[in-house]
Amino acid sequence: MPDIDTEKFRLRRFVEKLDTLDEVEVINKAIDLIDLASEIETSKKTILFKQVGPEKFELVANVNGSRRRLAAALNVDEDNVINEFQRRLDTPQPIIDVDQGDAPVQQVALKGNDADLSKLPFYIQHQFDGSAYLSSGIDYCIDPESGTTNVGCRRLSLRNTKSAGTNVTAPSDLKRIYQGCVARGEKLPISFAVGSHPVDYMAAGMRIPSDEISLVSTLRGEPLPLVKCLTNDIRVPADAEMIIEGYLDEHGYTEPDGPYGEYVGFYGPMHMDPVFHVTAITMRKDVLHQSLLHGSGPEIHRAESVHLLTIRHEAQVFKSLRIMGVVVNDVYVPPGS
């Protein structure tokens, strides 16, 4: 095992840190999946459920929902978020390979019929959603043409015990990679990390012309422990809470998905998407599940993605203006914008 702390960037440890900052509301009573969304939208804090659904999972939401929480993720105060974000971007960090037997995220391994998506906390997140969703996935796949790893953020919509839909309609590197696979009649192996540190989400929301797995380590500010998946050749963070392994089939955009309450505050329409097939689910023994708060109507400034996006946009504007010779004191992007 490399000399690396696989607890430092664990989601559970970060939630414990937020708790010391009085940023966490704990719900000890049992909560049905159908009641999760209303509880999450009501709370202005990070909300930690101790007994969710029939499996009595622990689940946390709203982790990325304020500048104060994201500042805590970067270990700085709110006034220094952009400086620290840019400093890390300018200081590349390596990756470290971890053996499968040493990766905390593979303490529990489910394959075959045991890899059952219906046992995970998919739920209806907005009143008119077309399916039950899991909203917190960070997707990892390898571009067959370049050999580089692509990292992004994707939701999954439950279809049955072994398959789900995922949104690959908007312009993205994943869309380009997948369409290339379909043209060649190839499946695209892909794995989803569920339960991740806020810094990993910051990295997943960016696009860089290189291997994006290095962006995760760079924004963490230290080496990233990676482990190879059990059923595909993708390397994923060894310190995540859970990994859902599988592939997008070669048949292209064949199944309807949606509507879904998008982060911009209105419903995205039903559209055709590829099908994701699960091949394995691995997790920590004390896994902490995660959900993201998407478009909460008139309180759009509370959506987690907008806080993640504002940091990226502020840093880009700040750097661009400096390059142009403008003397910049500060940049502010309101979350609701």
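Student: In this predicted model, what makes β1 and β2 a pair of strands?

Tutor: Two strands count as paired if at least two bridges are found between them. β1 and strand β2 (residues 46–52) have 6 bridges, in the parallel sense, so they meet the requirement of at least two. One place to look is V26, which stands opposite L48 in β2.

Student: Which sheet do these strands belong to, and why is it called open?

Tutor: The sheet has 4 strands in the order β1-β2-β3-β18, with mixed pairing. β1 and β18 (289–291) are its edge strands, each pairing on one side only. The sheet is described as open, and the edge strands show where the row ends. From one strand to the next the twist averages 25°.

Student: What makes β4 and β11 edge strands in the other sheet?

Tutor: That open sheet is formed by 3 strands in the order β4-β10-β11, again with mixed pairing. β4 (95–97) and β11 (235–237) each have a single partner strand, so one side of each has no neighbour in the sheet. The twist here averages 40° from one strand to the next.

Student: How do you know that β4 and β10 are paired?

Tutor: The requirement is at least two bridges. β4 and strand β10 (residues 224–228) have 3 bridges in the parallel sense, so they count as a pair. In one of these strands, β10, L226 is the bridge partner of D97.

Student: Which helix lies across this sheet, and at what angle to β10?

Tutor: Helix α7 (residues 213–220) lies across β4, β10 and β11 and runs at about 150° to β10. Angles are taken between N-to-C directions on a scale from 0 to 180 degrees.

Student: Why is the pair of Y133 and Y260 called tilted?

Tutor: A pair of aromatic rings is described by the distance of the centres and the angle of the planes. Rings pair if their centres lie within 6.5 Å, and planes under 30 degrees apart count as stacked, over 60 as edge-to-face and the rest as tilted. The centres of the Y133 and Y260 rings are 4.4 Å apart and their planes are at 50°, so the pair is tilted. Y133 is in strand β6 and Y260 in strand β14 (residues 260–261), 127 residues apart, and the pair thus links distant parts of the chain. The structure holds 4 aromatic pairs.

Student: What makes the peptide bond from G258 to P259 cis, and where is P259?

Tutor: The bond from G258 to P259 has omega near -5° and is cis. P259 lies in the loop between β13 (255–257) and β14. For background, most peptide bonds are trans.

Student: What is listed about phi of D22, and where is D22 found?

Tutor: Phi of D22 is near 60°, a positive value in a residue other than glycine. Most residues other than glycine have a negative phi. D22 is found in the loop between α1 (11–20) and β1 (24–31).

Student: What makes a space a cavity, and how many cavities of 30 Å³ or more are there?

Tutor: In a cavity a 1.4 Å probe fits but cannot get out, whereas a pocket is an open set. A search of the whole structure finds 3 cavities of 30 Å³ or more. The largest cavity holds about 60 Å³ of space. Its lining residues include A37, I40, E41, Y123 and H294. By class, the lining of the largest cavity has 5 nonpolar, 3 polar and 1 charged residues.

Student: What is known of the largest pocket and its lining?

Tutor: The largest pocket holds about 990 Å³ of space. It is lined by 36 residues, and C153, R154, A204, G205 and Y263 are the closest to its centre. β7 gives the most to this lining, with 6 residues. The lining of the largest pocket divides into 15 nonpolar, 13 polar and 8 charged residues.

Student: Which element gives the most to the lining of the second largest pocket?

Tutor: α8 does, with 4 residues. The second largest pocket holds about 280 Å³ of space. Its lining has 15 residues, with R67, E78, E314, D330 and V331 nearest the centre. The elements giving two or more residues to this lining are α4 (81–89) and α8. The lining divides into 6 nonpolar, 4 polar and 5 charged residues.

Methods: Residues numbered from 1 in each chain as written. Predicted model: local features only at pLDDT ≥ 70, side-chain atom pairs only at ≥ 80, totals over all residues. Heavy atoms only, no water. 1 Å grid on protein atoms, 1.4 Å probe; cavity = no way out; pocket = protein on both sides within 12 Å on 5 of 7 lines; lining within 4 Å. Points joined across faces, edges and corners; volume = space filled by probe spheres on them. Nonpolar A, V, L, I, M, F, W, Y, C, P; charged D, E, K, R; others polar. Contact = heavy atoms within 4.5 Å. Phe/Tyr/Trp six-rings, centres within 6.5 Å; stacked < 30°, edge-to-face > 60°.
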